[in-house]
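Q: Hi! I have a model open on my screen and would like to talk through the fold with you. Could you take a look with me?

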Amino acid sequence: MQLTKEELDQMDRNYRLNLINSISGIKPANLIATKSVDDQENVAIFSSVVHLGSSPAQLGFIMRPQTEIPRDTYPNIMETGYYTINHVSESFIKKHISPRLN
């Protein structure tokens, strides 16, 4: 399939979103949890966590550019230096998410 920028721009927003999100294949779901310097907890879902190396252990993730839309993950990490990455397993999705969709 070959599409021009104009064809992509003219697509229904939801169709385009699903098409572009699926191009790179199946992605894992990960929760990145942070806490602000004021102890405000924040959890966000990321599909861009990657393994960079094992010795030393290194993981990375990609986040959207920081714009006027408030996002707390990056500022919290920069202010505190701490965060956790937790994989969302298929069994968790079946137990906690799937029943809500029915």
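What follows is a chat about the sheet, a helix and the core of this model.

A: Happy to! This is a predicted model, so local features need pLDDT of at least 70 and side-chain atom pairs count only at pLDDT 80 or more, while totals for chains, interfaces and linings use all residues. Residues are numbered from 1 along each chain as its sequence is written, and side-chain values use heavy atoms, leaving out hydrogens and water.

Q: Good. In what order do the three strands of the open sheet come?
A: The order is β2-β1-β5, with antiparallel pairing. Strands here are DSSP runs of E with at least two residues, helices are runs of H or I with at least four, and both are numbered from the N terminus. Two strands pair if DSSP finds at least two bridges between them.

Q: Which ones are the edge strands?
A: β2 (41-46) and β5 (84-87), each of which pairs on one side only. From one strand to the next, the twist averages 25 degrees; such angles run from 0 to 180 degrees between N-to-C directions, with axes fitted to C-alpha atoms, for helices over the stretch in contact.

Q: How many bridges link β1 and β2?
A: Six, with β1 covering residues 30-35. I32 has A44 in β2 as its bridge partner.

Q: What about α3, which strands of the sheet does it touch?
A: Helix α3 (residues 73-80) packs on the sheet and touches β1 and β2. Its direction makes about 50 degrees with that of β1.

Q: And which residues of α3 are buried?
A: T73, N76 and I77, where buried means under 20% relative accessible area, exposed over 50% and partly exposed in between (1.4 Å probe, protein chains only). On the other side of α3, M78 and E79 are exposed.

Q: Switching to T34: is it buried or exposed?
A: T34 is buried, with a relative accessible area of 6%. This residue is found in strand β1, and its side chain makes a polar contact of 2.8 Å with that of N76. A polar contact is a pair of N or O atoms within 3.5 Å; within protein, one must be able to donate a hydrogen and the other to accept it, and residues adjacent in sequence count only if both atoms are side-chain atoms.

Q: Last one: which residues make up the largest nonpolar core?
A: Five of them: I32, F46, V49, F61 and I77. Such a core is a set of buried Ala, Val, Leu, Ile, Met, Phe, Trp, Tyr and Cys residues joined through side-chain atoms within 4.5 Å.

Key. Contact means heavy atoms within 4.5 Å.
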